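Open the model in your viewer and keep the selection tool at hand.

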Amino acid sequence: MKQDMIVVLDLGSEENPKIAREIRALGVYSEIHPHDITLAELNALPNVKGIILNGGPNRVVDGVEIDVSQEIYDCDIPALLVDHRGDDPWPAGEEARKTALKNFVFTICGAEANWNMDNFIADQVELIRSQVGDKKVLLALSGGVDSSVVAALLIKAIGRQLTCVHVNHGLLRKGEPEQVVQVFRNEMDANLVYVDAVDRFLDKLAGVAEPEKKRKIIGGEFIRVFEEEARKLDGIQFLGQGTIYPDIIESGTKTVKAVKSHHNVGGLPEDLDFELVEPLKMLFKDEVRACGKALGLPDSMVYRQPFPGPGLGVRCLGAITRDRLEAVRESDAILREEFAKNGLEGKVWQYFTAIPDLKSVGVRDNRRTDEWCVIIRAVNTVDAMTATVENVPFNLLQHITDRITSEVKGVNRVLFDLTPKPTGTIEWE
Ligand code: XMP
């Protein structure tokens with residue numbers, strides 16, 4: 001392993017991820033580990049230069065105050081103790097705190113600032129090769145940031161021992177399935193199985209209007225298609241997963257209850273019996289993007305905005321029909337193109353169009369029309385729990401409206417959603 005490490009031992013502080021990120025921002029790798037780690041386990045971690053014991057409001061678990069074992073207190077690894085009983089080693093104020101952290105990491109621990117993407121990738125390539133050997137790995141490649149970066153990393157490590165399965169369920173944005181094929185099959189020479197499951201998904205979804213039922217069908221059908229493809233392949237022993245650090249943190253630790261459970265390929269049948277390969281599980285989202293860039297993935301893949309798993313399926317409101325699905329895909333592509341041209345890409349957190357099951361009267365070429373309307377949504381948020389509406393310039397909205405109503409078949413009206421979250425949610429379904 002190439003990089004030094006500072007270990008944060010979790011004694012119930014909600015600030016632990018922030019501290020780990022601050023240390024990484026100093027150029028030193030940092031991981032959070034549970035309070036009950038043994039000295040032998042700690043010693044088995046590579047290049048540990050220091051430990052931070054950080055207590056906090058969740059220190060009492062099931063009525064008992066947790067602590068690290070005495071052997072950790074007694075070991076000779078430099079330690080920064082954050083004690084709820086009295087002395088607080090963190091000085092007040094953000095700047096002073098950062099200075100104290102820097103002093104601990106570099107002066108007291110003597111850590112080297114050698115955490116960078118090139119070293120991370122080199123280490124992971126080595127680790128993946130030693131885990132996988134000459135066996136085969138399967139990966140569900142959606143084209144989202146996390147699965148794309150895992151794919152690129154696995155391709156670098158084991159090349160064609162990796163099989164990527166891309167399921168096109170017909171609910172992806174314009175150009176996305178084509179981009180997956182172009183980048184991975186044509187440019188990276190990946191072993192890519194492309195599954196055209198469009199009809200299968202749309203047939204299953206026909207007439208289903210209830211959003212949660214739509215989500216269940218899309219998720220369930222995805223697993224069935226993936227499972228069918230997995231069974232066609234011989235000798236697969238590993239499953240690659242795009243699990244990232246926030247997934248692990250949000251799934252709960254020994255001191256923090258689960259915010260939500262994550263399962264990237266949730267619910268795969270147990271008889272498929274794979275061992276997992278999760279090379280990004282210690283990276284925060286911005287680091288995953290940096291890793292993808294360092295591996296040569298295009299910006300449009302690495303910096304893409306969040307996109308829900310059920311895709312356009314929850315933006316074609318109510319029962320999905322092929323004409324409205326195409327209209328939402330085309331209008332979304334126009335919106336994305338115009339936002340990119342006008343410097344809003346990367347500035348606005350999430351933006352998209354949705355199409356309700358609603359027609360209105362209009363006029364085109366001196367004739368009365370009865371056509372769909374399209375809703376534009378553009379929001380900013382930090383954690384998706386609340387959101388504010390982007391102040392999109394009015395003339396840009398007019399231009400986008402002109403383009404959508406003239407280029408998208410069957411649409412005669414465009415609406416802009418002014419609702420923050422709450423009271424609206426980000427998506428319409
Ligand atoms: P809401 O609509 O709840 O969305 O304000 C918050 C964020 O979550 C995304 N979202 C989903 N992501 N599967 C996903 O993977 C889903 O079913 C889903 N529904 C909403 C949404 O795009 C937004 O970023």
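Select residues 117-132, which form helix 5, and residues 285-294, which form helix 11. In this predicted model, the two helices pack at an angle of about 80°, and their axes are 10 Å apart. That angle falls between 65 and 115 degrees, so helix 5 counts as roughly perpendicular to helix 11.

Now show side chains where the two helices meet. On helix 5, pick M117, F120 and I121; on helix 11, pick E287, A290, C291 and A294. Colour this contact by class: six of its residues are nonpolar, none is polar and one is charged.

Next, centre the view on the ligand. Which residues surround the ligand? Select R215, P308, G309, P310, W349, Q350, A384, K421, T425, I426 and E427. Coloured by class, this shell shows five nonpolar, three polar and three charged residues.

- From K421, a polar side-chain atom lies 2.6 Å from a ligand oxygen atom.
- From I426, the atom to pick is a backbone N or O, 2.7 Å from an oxygen atom of the ligand.

On its own, the ligand has 500 Å² of accessible area, and the protein covers 69% of that.

Key: Residues are numbered from 1 along each chain as its sequence is written. This is a predicted model: local features need pLDDT of at least 70, side-chain atom pairs count only at pLDDT 80 or more; totals for chains, interfaces and linings use all residues. Side-chain values use heavy atoms; hydrogens and water are left out. A residue is near a molecule or strand if one of its heavy atoms lies within 4 Å of it. A polar contact is a pair of N or O atoms within 3.5 Å; within protein, one must be able to donate a hydrogen and the other to accept it, and residues adjacent in sequence count only if both atoms are side-chain atoms. Accessible areas come from the Shrake-Rupley method with a 1.4 Å probe; for residues, only the protein chains shown count as cover. Ala, Val, Leu, Ile, Met, Phe, Trp, Tyr, Cys and Pro count as nonpolar, Asp, Glu, Lys and Arg as charged, and the others, Gly among them, as polar. Axes are lines fitted to C-alpha atoms, for helices over the stretch in contact, and angles run from 0 to 180 degrees between N-to-C directions. Helices (H or I, at least four residues) and strands (E, at least two) are DSSP runs, numbered from the N terminus. Angles under 35 degrees count as roughly parallel, over 145 as roughly antiparallel, 65 to 115 as roughly perpendicular and the rest as oblique. Contact means heavy atoms within 4.5 Å.
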